[in-house]
There are 2 protein chains.
Amino acid sequence: MRTMKIVVCSTLLTCMSAFGISDMALVKKAQEAGLKPIPKSELEILKLVDDPKNPITSSKVELGKKLYFEPRLSKSGLISCNTCHNLAMGGVDGVGAAIGHKWTPNPHHLNSPTVYNSVLNDVQFWDGRDPHLEAQAQGPIQAGPEMAAPKELVEKRVTSMPGYIKEFKETYGQDVKITFKLIADTIAVFERTLVTPSRFDDFLTNNPKALTKNEKKGLQTFIDKGCVACHTGVGLGGTMQPFEIHAKYAYAKGDFKGNASGMVKTPTLRNIEETAPYFHNGNVWSLTTAVKEMGSVQLGVKINDKEAQQITTFLKSLTGDKPKISYPQLPVITNKTPRPDMN
Amino acid sequence: MRTMKIVVCSTLLTCMSAFGISDMALVKKAQEAGLKPIPKSELEILKLVDDPKNPITSSKVELGKKLYFEPRLSKSGLISCNTCHNLAMGGVDGVGAAIGHKWTPNPHHLNSPTVYNSVLNDVQFWDGRDPHLEAQAQGPIQAGPEMAAPKELVEKRVTSMPGYIKEFKETYGQDVKITFKLIADTIAVFERTLVTPSRFDDFLTNNPKALTKNEKKGLQTFIDKGCVACHTGVGLGGTMQPFEIHAKYAYAKGDFKGNASGMVKTPTLRNIEETAPYFHNGNVWSLTTAVKEMGSVQLGVKINDKEAQQITTFLKSLTGDKPKISYPQLPVITNKTPRPDMN
């Protein structure tokens, strides 16, 4: 009988939670708040993340993965995309301001955003200056305080290694011209595959048992407090919003105040448990502190300790399953490969 | 008929090479020169690399892999074992002097040796100061110009993460005390598994077709010139030898002159194609140049361009199959985790 009850309950989605709202009603409430799941099927995910201008192929993904882990794309030969967007650590570096070439901290004290689910963002970079991962991938490689490699150096390094030439030909055809743009485009294809379905997605696609009671309560609080104003859609973030709407950051650091229009990209909340420290300036380590700070800075509401704890409990249900990555073997250099430059 | 001939030939090992010595005779010559293969069977490899004092278990290997890729073992939170001993690039960093905490080059301009097959070395470190990988793993984590993390910091970081506590308990039992030593010991177990069987091993275990004619010619030259005096055994290196026996390095850099007895660890030649730049000081990028330099510095013989090219051709047959590494997911920090420190 007990099994029967559970089956009926989960089928009809009429179980009442401990907090007075049925699971079905909570799913509906979340949907109405604009929250959207990562789909369950591989095909649906592919439709969500693919771009007809640079379509995903398994060959591009494999080559893009190599380039993503390739430290020789940097001037020093020591820093890869994965250095700051570490796939072993929620797609981030776990430090406040990103550290790049010559141990240089980001001059605006900007924190490295996660690469996981970045394809779900409407825009890339904290100032949202480009919508495309293809463009994003070009930025840090060239930036002086990051990988510090001019386009020409990147092209020379890659085209000096027969192993890369072979793979580019296999991927793009014999006549391929290996440009800096193509290298970045290929990295972007790999990055598109880095989506992480979580228990919350399972819940949103009508499995009410995917979340615990406390997580459901946290979801309600998350919606009721208004967090969904910015953290919505399939990425729970990723759109531009005004910077410091109701108050200044108590945890200020760096000179970033948004783009020329005073707007900032809302970070995704997916895997937020794994991506401390928080905010554009990486200046807050506690997730509950970050939740409260967002209430006062962006929503103009007080989120008390209990509510912040509830929301944090919900947010941890957004920790998703990571794609399995087989660590690559990178091509061998030749006499033509430009040497590392530490200066 | 043709097939038949090949079968007979490879079975009896009596094919004459183009250079006047039978394959069988060359295998024998190599064996007599002290060259030994990585065995073919997993069990034989295990016997070769295991240490009863710290026996390999799959649980230790998996945990050791996580710790090997763990940048939070460093003071900054940015440098892992894999930073300087990158498993994607022949187990090295591909730069001259190793670069560590605060972008500090190794003060003696020492080059990062490969981690692949390091278990086959008699001794570790360029000055051979310890025979055990367990001890080696403790060095760079603490060294100021490398990962710069005091033991206590490493222990606090690891024990602050429930994900690590759980895995240590699963690996060593509920009563485990997670010490710095145990962390290093676990890394060492992972490192023991990083052996890379090559075509040369196949040749040495009586498959004469595993090497090309030119590689066999190169092997003969390698033996005849006397390279096997130091580059022998299963590691083709890994023992202590006098530093600068017959001449000074033409490619000098740094102040390293061997240990107190004027001895230096001979590096393994396995995967040498992938581990430029060469020598203790990482000051030579061309393998043929390195071969010639070793002739004059260590053997007191002239190795001409043609011979150096032959030897280089042989050396490339030592590029081995790397173990497949699934990139790990590392545990999440807590409020107790000591923060990264860039200074």
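Trainee: Let me start with one residue. Is Phe314(B) buried or exposed?

Mentor: First, a caution: this is a predicted model. Now count neighbours. A residue is buried if 20 or more other C-beta atoms lie within 10 Å of its own. Phe314(B) has 25 other C-beta atoms within 10 Å, so Phe314(B) is buried.

Trainee: Where does Phe314(B) lie?

Mentor: In helix α13 of chain B.

Trainee: Which residues is Phe314(B) in contact with, leaving aside its neighbours within four places in sequence?

Mentor: Glu215(B), Gly218(B), Leu219(B) and Phe222(B). Take Leu219(B). Phe314(B) and Leu219(B) are 95 residues apart along the chain, yet their C-alpha atoms are separated by 5.5 Å.

Trainee: Let me try another. Why does Leu110(B) count as buried?

Mentor: Use the count again. Leu110(B) has 23 C-beta neighbours inside 10 Å, so Leu110(B) counts as buried. This residue is found in a loop, between β2 (104-105) and α6 (133-142) of chain B.

Trainee: What is Leu110(B) in contact with, again leaving aside neighbours within four places in sequence?

Mentor: Its contacts include Ala97(B), Ala98(B), Trp126(B) and Phe256(B). Gly254(B), His280(B) and Asn281(B) are also in contact with Leu110(B). Look at Phe256(B).

Trainee: Now helix pairs. At what angle do the axes of α12 and α13 of chain B cross?

Mentor: For a helix pair, read distance, angle and hand. The axes of α12 (residues 287-299) and α13 (residues 305-315) of chain B come within 9 Å and cross at roughly 115°. The crossing of α12(B) with α13(B) is right-handed.

Trainee: Which residues meet there?

Mentor: From α12(B), they are Leu287(B), Thr288(B), Val291(B) and Lys292(B). From α13(B), they are Ala308(B), Gln309(B), Ile311(B), Thr312(B) and Leu315(B). By class, the contact of α12(B) with α13(B) has five nonpolar, three polar and one charged residues.

Trainee: Let me step back to domains. Which residues form the domains of chain A?

Mentor: A domain can be built from separate segments of chain. Domain 1 of chain A takes in 14-38 + 196-318, and domain 2 of chain A is 43-192. Their centres, taken over C-alpha atoms, are 28 Å apart. The contact takes 29 residues from domain 1 of chain A and 26 residues from domain 2 of chain A.

Trainee: Which element gives the most to the side of domain 1 of chain A that touches domain 2?

Mentor: Strand β4 (residues 263-265) of chain A, with three residues. The side of domain 1 of chain A that touches domain 2 of chain A has ten nonpolar, 14 polar and five charged residues.

Trainee: Last, the two chains. What rotation superposes chain B on chain A?

Mentor: Look for an angle and a shift. Here a rotation of 180° with 0.0 Å of shift along its axis does it, at RMSD 0.0 Å. The two copies are therefore related as by a two-fold rotation axis. In chain B, the C-alpha nearest the axis belongs to Ser326(B), 2.2 Å from it.

Trainee: How many residues are in contact between chain B and chain A?

Mentor: 30 residues of chain B are in contact with 30 residues of chain A. The side of chain B that touches chain A has 17 nonpolar, six polar and seven charged residues. The same surface serves both copies, as 100% of the contact residues of chain B recur in chain A.

How values were computed. Residues numbered from 1 in each chain as written. Chains lettered and ligands numbered in written order. Predicted model: local features only at pLDDT ≥ 70, side-chain atom pairs only at ≥ 80, totals over all residues. Axes fitted to C-alpha atoms, helices over the stretch in contact; angles between N-to-C directions. Helix = DSSP H or I, 4+ residues; strand = E, 2+ residues; numbered from the N terminus. Left-handed = near helix turned anticlockwise from the far one by under 90°. Contact = placed C-beta atoms within 7 Å. Nonpolar A, V, L, I, M, F, W, Y, C, P; charged D, E, K, R; others polar. Domains from an automatic or database assignment. Least-squares fit on C-alpha atoms with pLDDT ≥ 70 in both. Buried ≥ 20, exposed ≤ 12 C-beta atoms within 10 Å, placed from the backbone.
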